[in-house]
Amino acid sequence: MEEAKGVVKHVLIAKFKEGTTEDQIDHLIKSFASIVDLIEPLKAFHWGKDVSIENLHQGFTHIFECTFESIEGVSEYMVHPSHIEFANLFLPQLEKFIVVDYKPTIVRV
């Protein structure tokens, strides 16, 4: 196994508050995606909804994944004014969330 050089994934798993409409969620996701062009070390953004048939999601419904070029890039993102402004709109809409940062490991068989 080989740890990816430099790349860091920043993952947020979320459950929106009851009463948050699909339109509100769509707007928040579009706002999240828009900061990719504003924060240089943020290289990619992916998101999706839980589709697991195992029903082990513990109420979490959405996942958001950002890719950075380095741990320092994640640090720069965290204090960037565009991220702070977005987080101040996004986080109050969540009932609960988990954030994990990791360096992907490549498995070669």
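The model is predicted: local features need pLDDT of at least 70, side-chain atom pairs count only at pLDDT 80 or more, and totals for chains, interfaces and linings use all residues. Residues are numbered from 1 along each chain as its sequence is written, and side-chain values use heavy atoms, without hydrogens and water.

Select residues 8–102 to begin. An unreviewed UniProt entry places the feature "domain: Stress-response A/B barrel" here; such annotations may be inferred rather than shown by experiment. The chain over residues 8–102 is 34% helix and 35% strand (DSSP runs: helices H or I, at least four residues; strands E, at least two; numbered from the N terminus). The end C-alpha atoms of this stretch are 6 Å apart.

Next, select helix 1, residues 22–34. Its buried residues (under 20% relative accessible area, 1.4 Å probe, protein chains only) are Ile-25, Leu-28, Ile-29, Ser-31 and Phe-32. They lie on the same side of helix 1 because they cover an arc of only 160° around the axis, taken from the directions from the helix axis to the C-beta atoms. On the other side, Asp-23, His-27 and Lys-30 are exposed (over 50%).

Finally, select His-10, Leu-12, Tyr-77, His-83 and Leu-91, which lie nearest the centre of the largest pocket. A pocket is an open set of points on a 1 Å grid over the protein atoms alone, where a 1.4 Å probe fits, with protein on both sides within 12 Å along at least five of seven lines; lining residues have an atom within 4 Å of a point. Helix 3 gives the most to this lining, with four residues.

Conventions. The expected span of a helix is 1.5 Å times one less than its number of residues.
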